[in-house]
Amino acid sequence: GCNEASRGMAYRENQVSSYGMCLPHGNSHIWAWEKQASHTHCRFGHRDETQVKKVLNKRRVIFIGDSMTRNLYSASLRIMGVAGSGAYDATLPKHQGITSILWGTTPVVFKWAPLAVDQLAVLKEVNDNSVDGNTAQDLIVLGGGAWDRLHVYATDEDRQSHAATLKELSAEMLRSQQQNAAVVWLIPTTINSQALNTEEKRDHMREEDMEAMRSVYFKNGVLSASSFVLDGPTFTASRVSESFDGVHYPPQVYDAGAQILMNAIDWLLPLNEAEPIIPPQIGKMSNPMLGFMMLVLVGIGLFMFDGFLGFTYLASAFVKGLKPHDLHRQALRSSKKSSHHHDELSDPEANGNVLRSRLAKAKARKRAPKAKAETSGNMDPEIAALIGR
């Protein structure tokens, strides 16, 4: 059936994230990539681990922000081949950093920074450490705003302080771009106001409150300081009823946002240079002991006149005349006779001499009976006919 249990099993066990969903009013909703005609030259589509690895291999990626950013981080890891990333686990601390090393070459880090001042501090640290080049980040993904609206936005002083922090954050984001890092800003996703589970959130973090907060980030230059803006409301507005606590969404919704991010990497990061092909060194696959054994086997074959490495002698114990050295001598004698006969036949002058000698002998034999017949004066007519008399 189409319910939360079957959908959860489909995702956890079969990694199915695009499927039909039964809504309470009975309509069917399906998410999938639209197939684009080739003439449109549209390269947007589903990205898998192999495609992402080509771009992110041997690069540094860091996510800085709140729980929305953390969920995007987990969805990105799932695309990169970490199937269990972001799985529900009540035993783990909620507010902590995460570090994953992918393919043995690519560190992908999440830094817990829920407030704007936290994001500013972490980004400053990242930029300062990037000066030496050894720890320079290639892709920086930031996101926030919900915690600021909930905890530090009650008074005018709080709002002014927050605006000043955002301006500093924008400056640090531009600094990151000057250090050749691509900077992505995640706009907070759509809030399901009716599902907010605390009175404080219902008072300060409704969707209309967050929409005003998104405008504050825009006015203070955060979006313009970004290399790419991932618009959270765009991929969550149609799924707002699935937000179980008013703020967070099921994993497959963040998968859609992560797919948008991975498609954007095509122009955010230059292509990795092809790794040079280093041919194996001469002798790398050699084995001195095996080489010595081959010399021993060749020696046995040569000196014992046996191409079967001495095993023919074993057969000669049962059949006489099969010893390899005897067979060799016999073959050599036959070869010499054959060679001598061939040499005689291959010499034109020698062949002529032989032929003339044989003709002379034949003529002598032919004349001998004739002379005898003349002396005797009596010859059989048949013999005379044979010798041409």
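Leaving aside neighbours within four places in sequence, which residues is Asn127 in contact with? Select Asn127 to start: the residues are Glu172, Arg175, Ser176 and Gln179, where contact means heavy atoms within 4.5 Å.

This is a predicted model, in which local features need pLDDT of at least 70 and side-chain atom pairs count only at pLDDT 80 or more, while totals for chains, interfaces and linings use all residues. Residues are numbered from 1 along each chain as its sequence is written, and side-chain values use heavy atoms, with hydrogens and water left out.

**Helix α4**

Asn127 belongs to helix α4, residues 116–129; helices (H or I, at least four residues) and strands (E, at least two) are DSSP runs numbered from the N terminus. Its relative accessible area is 1%, so Asn127 is buried. Buried means under 20% relative accessible area, exposed over 50%, and partly exposed in between (1.4 Å probe, protein chains only). Now select Gln178, which is 51 residues from Asn127 along the chain; the two C-alpha atoms are separated by 9.9 Å.

Stay on α4 and pick Lys124. Lys124 forms a salt bridge with Glu168, the closest N and O atoms being 3.7 Å apart; a salt bridge is a side-chain nitrogen of Lys or Arg within 4 Å of a carboxyl oxygen of Asp or Glu. Glu168 sits in helix α6 (residues 156–178) and Lys124 in helix α4, so this pair ties together parts that are 44 residues apart in sequence. Both ends are partly exposed: Glu168 at 39% relative accessibility, Lys124 at 33%.

**Other salt bridges**

The structure holds 13 salt bridges. Select Asp255 and Arg78, whose side chains meet in one of 2.8 Å, N to O. Asp255 is in helix α10 and Arg78 in helix α3 (residues 67–79), 177 residues apart, so the pair links distant parts of the chain. Asp255 and Arg78 are both buried.

Next, go to helix α8 (residues 207–219), where Arg214 and Glu211 lie 3 residues apart, about one turn of the helix. Their side chains meet in a salt bridge of 2.8 Å, N to O. Arg214 is buried at 10% relative accessible area, whereas Glu211 is partly exposed at 42%. Then select Arg149, Arg206, Glu208 and Asp209, which are linked in a network of salt bridges.

**Strand β5**

Select residues 106–112, strand β5, where 5 of the 7 residues are buried. Strands pair if DSSP finds at least two bridges between them. Strand β3 (residues 61–65) pairs with β5 in the parallel sense over 5 bridges, and Phe63 has Phe110 as its bridge partner in β5. Strand β4 (residues 98–102) runs antiparallel to β5, also joined by 5 bridges; Thr99 stands opposite Val109 there. β4 and β5 form a hairpin with 3 residues between them, and Trp103 in the turn has a positive phi of about 60°.

**The core**

Which residues touch the most other members of the largest nonpolar core? Among its 65 residues they are Phe63, Ile64, Leu142, Met173 and Trp185. Helix α10 (residues 251–268) gives the most to this core, with 8 residues. A nonpolar core is a set of buried Ala, Val, Leu, Ile, Met, Phe, Trp, Tyr and Cys residues joined through side-chain atoms within 4.5 Å. Not counting residues up to four places away in sequence, Ile64 touches residues including Val122, Leu123, Val126 and Leu142.

**Last stop**

Select Phe292 in helix α11, residues 288–303. Phe292 is exposed, with a relative accessible area of 52%.
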